[in-house]
Amino acid sequence: MPSFTLRHTVAAGGVCTALLLVGCSSTTDDQATASEANQVAVSDQWVKASDTGMSAAFAQLSNTGDEPVRIVSVSSPASTRMELHEIAAGSDGAPTMREKLGGVTVAAHGTHSLAPGGDHLMLMDLTAPLAPGATTTFTLSFEDGSTTGFDAQVRDFSGNKENYDPSRQQETPGDGTTAPGHSG
């Protein structure tokens, strides 16, 4: 009888171990599903055509999750340097674009518009011309370390011409310089 009990104990231990592993793997899947990147849908995305210098990308960001998400950076092979930008009044009251310190937050079950004259994705130091009709790729990085990518079509746009404040300080206006080719 002791060998019968030992076999059942070993078998029960094996079943418990298997259940524990299944339980751990399902928790991992739930955590992956809950990443900030998986909660955000990108729509109506496009980027302004430009031959050199700077450009801007725009989109509608929708958060399907129960918690706010924060985008902390953006990258694209179309540019050697990118920033999340906002438009604010400069020292002279004129619209000035500058880096949006702290990133872009999209409220739970909310939307955030990246649009000309408002928040946008700033491409600085283009690697090649952005020709109308072409498509370029972007990667958004979130506060939790997750990322999501999207493609945006290049379009002609002659809109807004703000000054650029490279100081990156939200409290102190910089010596705003004109941003040729930008339409933030």
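**Fold, core and selected residues**

Read along the sequence, the chain of this predicted model runs α-α-β-β-β-β-β-β-β-β-β-β-β-β. That pattern comprises two helices and twelve strands. The protein chain has 184 residues, and 38% of them count as buried. Its accessible surface comes to about 9,700 Å². Carbon and sulfur atoms account for 55% of that surface. Contacts were also examined by sequence separation. Among those between residues at least 6 apart in sequence, 68% join residues at least 24 apart.

The interior was considered next. In soluble globular proteins, nonpolar side chains tend to be buried together. The largest nonpolar core here holds 25 residues. Within it, Leu121, Leu123, Phe138 and Leu140 have the most contacts. Eight strands each supply at least two residues of this core: β1 (40–48), β2 (55–63), β3 (69–75), β4, β6, β8, β9 (135–142) and β10 (147–155).

Leu121 illustrates how these parts meet. Leaving aside residues up to four places away in sequence, Leu121 touches Ser55, Ala56, Ala57, Val74, Met82, Glu83, Leu84, Leu114, Phe138, Leu140 and Phe150. Two of these partners, Phe138 and Leu140, are named with Leu121 among the core residues with the most contacts.

Glu83, another partner of Leu121, belongs to strand β4 (residues 79–89). Glu83 counts as buried because its relative accessibility is 3%, and buried means under 20%. The side chain of Glu83 makes a polar contact with the side chain of Arg81, at 3.2 Å. Glu83 and His120 are 37 residues apart along the chain, yet their C-alpha atoms are separated by 8.7 Å.

Backbone angles single out two further residues. Most residues other than glycine have a negative phi. His109 is not a glycine, but its phi is positive, at about 55°. This residue, His109, sits in the loop between β6 (104–106) and β7 (111–114). His109 counts as exposed because its relative accessibility is 55%, and the cut-off for exposed is over 50%.

Asp125 also has a positive phi, of about 60°, and is likewise not a glycine. Its setting is a strand, β8 (residues 120–126). Asp125 is partly exposed, with a relative accessible area of 45%.

Conventions
Residues numbered from 1 in each chain as written. Predicted model: local features only at pLDDT ≥ 70, side-chain atom pairs only at ≥ 80, totals over all residues. Heavy atoms only, no water. Helix = DSSP H or I, 4+ residues; strand = E, 2+ residues; numbered from the N terminus. Buried < 20%, exposed > 50% of the residue type's maximum accessible area, 1.4 Å probe, protein only. Polar contact = N/O pair within 3.5 Å; in protein donor to acceptor, adjacent residues only side chain to side chain. Contact = heavy atoms within 4.5 Å. Areas by Shrake-Rupley, 256 points an atom, 1.4 Å probe, with all protein chains shown as cover. Core = buried A, V, L, I, M, F, W, Y, C linked by side-chain atoms within 4.5 Å.
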